[in-house]
Amino acid sequence: MAEHKASKAADDASAEELSWSGLLLEVFFSPLNLALASICIYLIYKIFFSRQHSRSTDVRREPELPPMKRRDMTPEEIRKYDGTGEDGRVLVAVNGKVFDVTRGRNFYGPGGPYHAFAGHDASRGLATFSVERPKEGYDDLSDLNPMEMESVREWEMQFTEKYHYVGRLLKPGEEPTDYSDEEEPSAAEAATKKDGDPSAAASGGDAKAHAD
């Protein structure tokens with residue numbers, strides 16, 4: 001009788017061990033559980049990696065260039081400021097005004113979606129929603145229709161709000177203005193200019209059409 005009870009107890013213990021083993025195998029080796037575990041590990045890795053990448057980006061961030069001194073420029077003179085120079089400065093002209101858009105080098109610098117405008121008059125491209133490189137020389141925009149010219153003026157206002165104004169884009173034969181008596185913009189004033197994607201600066205349908 002005692003031997004029978006001992007044998008039964010041993011069988012019960014063995015069955016319990018098998019039950020736990022089966023449960024552990026199901027937990028750790030079930031395809032669904034393995035997939036869920038893989039997703040969790042991937043998400044943890046992405047969160048950790050994004051934080052590390054953000055920290056490294058902050059460390060590598062280049063100091064901003066000081067505001068460019070006020071001066072009028074010809075189309076030929078602004079051409080060298082396309083972001084490929086030693087200091088990486090980028091100038092863009094809109095509606096006869098030259099702006100320092102270096103703060104937006106992610107958009108206008110080399111490799112940016114609007115690099116074709118760098119060192120050029122972007123008025124026609126902005127008005128016609130074209131990011132092809134503008135033609136060389138001075139563009140009087142005389143063939144643009146009223147709606148396109150209104151778009152150019154809106155872009156001029158947006159650039160004035162976002163970027164440092166350098167001076168006028170000179171027409172052929174036009175003499176530059178002497179700005180030597182003007183006070184240079186302060187660093188605090190320059191800091192108020194915000195980076196911006198030009199497609200986000202336009203209003204309503206203009207922004208959508210340009211982004212397309």
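Author: Phe129 is partly exposed, with a relative accessible area of 33%. That value lies between the 20% and 50% cut-offs, so Phe129 counts as neither buried nor exposed. The model is predicted. Phe129 sits in the loop between α5 and α6. Its backbone deserves a check: phi is near 60°, a positive value in a residue other than glycine. Most residues other than glycine have a negative phi.

Leu141 is also placed in the loop between α5 and α6. Its phi is positive too, at about 60°, although Leu141 is not a glycine. The surroundings can be read from accessibility. Leu141 has 7% relative accessibility, under the 20% limit, so it counts as buried. Phe129, at 33%, is partly exposed.

Now the helices on either side of this loop. Helix α5 covers residues 123-128 and contains Ala127. Ala127 is buried, with 5% relative accessible area. What does Ala127 touch, not counting residues up to four places away in sequence? The list is Leu144, Glu148, Ser151 and Val152. Take Val152 from that list. It is 25 residues from Ala127 along the chain, yet the two C-alpha atoms are separated by 5.5 Å.

Charges come next. Side chains of opposite charge can pair when their charged atoms come close. The structure has 12 salt bridges by the rule used here. Arg124, Lys135, Asp139 and Asp143 form a network of such bridges. Glu150 is partly exposed at 38% relative accessible area. Arg153 is partly exposed as well, at 37%.

Further along, Lys97 and Glu156 meet in a salt bridge at 2.9 Å, N to O. Lys97 belongs to strand β2 and Glu156 to helix α6, so this pair ties together parts that are 59 residues apart in sequence. Another charge-over-ring case is Arg70, which lies over the face of Tyr179 at 5.7 Å from the ring centre.

Tyr165 leads on to the rings. A search of the whole structure finds eight aromatic pairs. Which residues do ring pairs link into a cluster? They are Phe99, Tyr108, Tyr114, Phe117, Trp155, Phe159, Tyr163 and Tyr165.

The largest nonpolar core has 14 residues. Those with the most contacts inside it are Val92, Val94, Val101, Tyr108, Phe117, Leu126 and Phe159. Strand β1 (91-94) and helix α6 (146-162) each supply at least two residues of this core. There is also a second, separate core of nine residues. Met68, Met73, Val166 and Leu169 are among its members.

Strand β2 holds one more residue worth a stop. Asp100 is found there, in the run 97-100. Leaving aside neighbours within four places in sequence, Asp100 is in contact with Met68, Arg89, Val90, Leu91, Tyr163, His164 and Val166. Met68 and Val166 from that list belong to the second core. Tyr163 belongs to the ring cluster.

Arg79 pairs with Glu76, their closest N and O atoms being 3.9 Å apart. Arg79 is partly exposed at 31% relative accessibility. Glu76 is partly exposed too, with a relative accessible area of 48%.

How values were computed. Residues numbered from 1 in each chain as written. Predicted model: local features only at pLDDT ≥ 70, side-chain atom pairs only at ≥ 80, totals over all residues. Heavy atoms only, no water. Helix = DSSP H or I, 4+ residues; strand = E, 2+ residues; numbered from the N terminus. Buried < 20%, exposed > 50% of the residue type's maximum accessible area, 1.4 Å probe, protein only. Contact = heavy atoms within 4.5 Å. Phe/Tyr/Trp six-rings, centres within 6.5 Å; stacked < 30°, edge-to-face > 60°. Lys NZ or Arg CZ within 6 Å of the ring centre and 35° of its normal. Core = buried A, V, L, I, M, F, W, Y, C linked by side-chain atoms within 4.5 Å. Salt bridge = Lys/Arg side-chain N within 4 Å of Asp/Glu carboxyl O.
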